[in-house]
There are 2 protein chains.
Amino acid sequence: MASTFAGLMLWSAVATGFSAESVEQWGLYEITLPGPTNGNPFADVRFAARFAQGYDTIEVPGFYDGDGHYRVRFSPEKQGAWKYETVSSAPDLNGKTGEFTVAKPSANNHGPVRVANTYHFAYADGTPYKQLGSTCYVWTHQPEALQEQTLTTLAAAPFNKLRFCIFPKRYQWNTNEPQMYPFEGTPPHTWNFSRPNPKFFQHFEQRIADLQKLGIEADIIIFHPYDEDHWGFDRMPASADDAYLRYVVARLAAYRNVWWSLANEWDFMKKKTEADFARFGEIVSLEDPYHRLLSIHNGQKFFNHTLPWISHASIQNGAAVEEPGRAEMYRHVYRKPVVYDEVKYEGNIESRWGQLSAEELVFRFWNATVAGTYCGHGETYKSDDQILWWSKGGVLKGQSPARLAFLKKVLDDAPAEGIEPIDKWQHPEYGGKPAEYYLVYLGKQTPTNWEFQLPKPPQGKGQPAAEGMKFTAEVLDTWNMTVTPVEGVFALKKKDNYFYADKDGHSLALPGKPYMAIRIKRVQE
Amino acid sequence: MASTFAGLMLWSAVATGFSAESVEQWGLYEITLPGPTNGNPFADVRFAARFAQGYDTIEVPGFYDGDGHYRVRFSPEKQGAWKYETVSSAPDLNGKTGEFTVAKPSANNHGPVRVANTYHFAYADGTPYKQLGSTCYVWTHQPEALQEQTLTTLAAAPFNKLRFCIFPKRYQWNTNEPQMYPFEGTPPHTWNFSRPNPKFFQHFEQRIADLQKLGIEADIIIFHPYDEDHWGFDRMPASADDAYLRYVVARLAAYRNVWWSLANEWDFMKKKTEADFARFGEIVSLEDPYHRLLSIHNGQKFFNHTLPWISHASIQNGAAVEEPGRAEMYRHVYRKPVVYDEVKYEGNIESRWGQLSAEELVFRFWNATVAGTYCGHGETYKSDDQILWWSKGGVLKGQSPARLAFLKKVLDDAPAEGIEPIDKWQHPEYGGKPAEYYLVYLGKQTPTNWEFQLPKPPQGKGQPAAEGMKFTAEVLDTWNMTVTPVEGVFALKKKDNYFYADKDGHSLALPGKPYMAIRIKRVQE
């Protein structure tokens, strides 16, 4: 690599999977330098690098990776020639410069996911991202073979996001000690919080990279309450919390599939206040050079998702997706994407949060979908080996994933901008894009007939339906995963102040079963 | 009155209904001084007074009331001796001092309404205030006889709050010109926004005082979109908006029954931005010495009710009160009292927002109630004389007010702290105070039997129900306004992880009709 450092080439820059001189856009370019090993390098040494392309400069925090290795990871958002210069409190690490070239992204690299159209997401290259998440809280803490099995399962599953924790978890069905610990020390309780364990994080970030290869976003849960002083990671002093946050961000932010979840069930953490989490949010927001998606997940008490550093509302509330009218309500209060990351789980355990039928979970996904929001999956089937997907990963046993794969196909075929409610308060069962595309979800109703009619969208919510417009329709059985085209074309005629109907009054025949949807598309003329 | 002003007694202090030297707590103490009449006294003269009781001082803005009269109105929050001194840019109005005594409040004066217990309201003296509002947008702009009729109607109605506008309104069923205009000028379109019309405001504030006598809070709507440039009050320049706001606050804030509503349907005002309303909110919040309740009402787009100057969420959304599970959702996002000020109206006009049945409107009030929120009434029955309650007042023609009077009795009998959801996501039909009082609303269900069972509240939400606790029950027919005690006592026994039931498995017989509620009270032992 090009370098003005004329001494011994003791340091190196590598881009994972690429030569040092080139990295792809949104890839990961890593600089490694040898530096001081005395004292506590994690705490004593400030290290960062400034990357520049013309007037565009970005300062990226670095981190100590043990064994005298200091690293900075950069994920370039622009192609072309870049330069850098390191800045450090340690002379050996300061003022090192270099150059490299950023190439166009490879075929499956669409960049990081960002908020798009207020309520939706898209990859940085503009490709729509329709969130379909699952949860395996501590899959990276399980034996290696189980982790590999989880990855194999995910490769065949419909999910494009996975929520999981950095810290190990102690909870029902999860009382095994983890493979490694995030800090130096002796389990269960004696830790040096000022010395992260590099081996732990090297492994953890490999799992992020593994998910990236599968096209899965990593929704990383930074704090959680499922410790209760077993290890004490839920009650570190404030200075340790903040140092941990900075370390995590410096190590992981350059992985383009990273999302930050400040906490799971933040309000169940007995030793943290709401102000602590506000401080955490500001730290992550300031430290992360890429402004990855950032949210915080609730137990009973909602965080204030209107705060500017929160990119989207990550919500636990199963009741909110029991019907689309409810699901939409958080959209207009937050004016951000709403992701129902926890809506209870498909399973059969005793707790009411873990005993949804597959039908009910799929129903909730569809309610979220037509309301213009996104939903999360989890699975809690009792198991002799104590391996429940929701906590440890492994294999999927439920019946919802196949139906969610069907939903994924529907989402892929939906408008790129995202599905919006058409008339949120009066007819929440209609989602879509006014005058172009409608998805009507009938939920648990079992009609044998559906009158073809389209509501007028509210003023300012897109082109309204109008007389003469022509549409085709399909009947979707969301449980049996079938798409049945309806014969003929429906032409609109004003019905009343609020609806257009087919000019000849045509209806659609339906099979009298639950979980049906109707997909309506404008005929291109 | 005691005064250090030794010159001619051209100025006076009066407390409405009291001698000048004494006023009751939360009453209105008024100082009037003669001052300059040249130029534009509204704009040119700064005038205020500092009131002090020991170290407790409060600066109260004054206003020009025409004819050379400058006034300051003070509503003391503490009894005992007070002093004041005026401050003004006009020498004649500056440095005037005085003393007066604040007596204990009279029997029907409980002080202003404030937020209590996060989600509820109470008068300043601690008396609970259970909001039961109605709406007559421009009743004060109608002929005097009609205004008097409105007051007579209100005296016999259950409402303890009325929403109405300062500005006149031009809209369906309301195209008559008002009796007076808020500014000097010539209708419809030539106004001097820098010269408020004192006669207009003298009349307007008399109506606030009239409502106060009836025990009705005045929810004053400061801006609204129902003008559309007919008079242009919806599109004044920013400087005129701000001066108007300051004038309104200086004149009206001392009336203890004033609530501020920055706007009706703020987002429908085409010439105002969200930032304008944020500025308005900050102005009112800073100018009002008493920090009266302050909110803003939406059309389609919700304002950010998490902002610190907003005391409670004033919401238009009829769909949100179609079931208690929805109604509760804004509570946990705003953590403030939620008042559904507009949920559509009882009536029979063509617009879908004005054709609820009385049953449906009452149903919505009850859903709001058990969800720990509050609701607003309005009536839109077609009328040959164009007098619809919702706009002009007059007489009530609907069937809901009698049922809302019944609801009022239930609320008066409910826990002083307010009704809270017991298990908001799983069993939203239960409101009350855990282990003490439950109100279960069955809505449109028509059961003939109800199993006696009480959900465990979530952790930290009050004393849980426990084995052995004893309760009595009553069946409330919320439509037919009957209360039927159920014979016997129910003693609790754990049913499962989430419920306690009667130890002998007793149920309640119900009449198989809709709109039933069950009221359950702990037996005091």
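1. **Basis.** This is a predicted model: local features need pLDDT of at least 70, side-chain atom pairs count only at pLDDT 80 or more, and totals for chains, interfaces and linings use all residues. Residues are numbered from 1 along each chain as its sequence is written, while chains are lettered from A and ligands numbered from 1 in the order in which they are written.

2. **How the copies relate.** Two copies of a chain are related by a rotation about an axis and a shift along it. Here a rotation of 180° with 0.0 Å of shift along its axis places chain A on chain B, with RMSD 0.0 Å. In chain A, Arg326(A) has the C-alpha nearest the axis, 2.9 Å from it.

3. **The contact between chains.** Two residues count as in contact if their C-beta atoms, placed from the backbone, lie within 7 Å. Helices are DSSP runs of H or I with at least four residues, strands are runs of E with at least two, and both are numbered from the N terminus.

4. **Make-up of that surface.** Ala, Val, Leu, Ile, Met, Phe, Trp, Tyr, Cys and Pro count as nonpolar, Asp, Glu, Lys and Arg as charged, and the others, Gly among them, as polar. The same surface serves both copies: 100% of the contact residues of chain A recur in chain B.

5. **The sheet in chain A.** Chain A has an open sheet of eight strands, paired in parallel, in the order S18-S17-S16-S13-S12-S22-S20-S19. Strands pair if DSSP finds at least two bridges between them. Strand S18 (294-295) and strand S19 (313-316) of chain A are the edges, each pairing on one side only. Strand S17 (residues 258-263) of chain A runs parallel to S18(A), joined by two bridges. Ser261(A) faces Ser295(A) in S18(A).

6. **The sheet in chain B.** Chain B also has an open sheet of eight strands with parallel pairing, ordered S18-S17-S16-S13-S12-S22-S20-S19. Strand S16 (residues 217-223) and strand S17 (residues 258-263) of chain B pair in parallel over five bridges. Asp219(B) stands opposite Trp259(B) in S17(B).

7. **A helix pair in chain A.** The axes of helix H8 (residues 358-370) and helix H10 (residues 400-413) of chain A come within 9 Å and cross at roughly 20°. Axes are lines fitted to C-alpha atoms, for helices over the stretch in contact, and angles run from 0 to 180 degrees between N-to-C directions. H8(A) and H10(A) are therefore roughly parallel; the cut-offs are under 35 degrees for roughly parallel, over 145 for roughly antiparallel, 65 to 115 for roughly perpendicular, and oblique for the rest. Among the residues making the contact are Phe365(A) and Trp366(A) of H8(A) and Arg403(A) and Leu404(A) of H10(A). By class, the contact has seven nonpolar, two polar and one charged residues.

Conventions:
Copies are superposed by least squares on the C-alpha atoms of residues with pLDDT of at least 70 in both.
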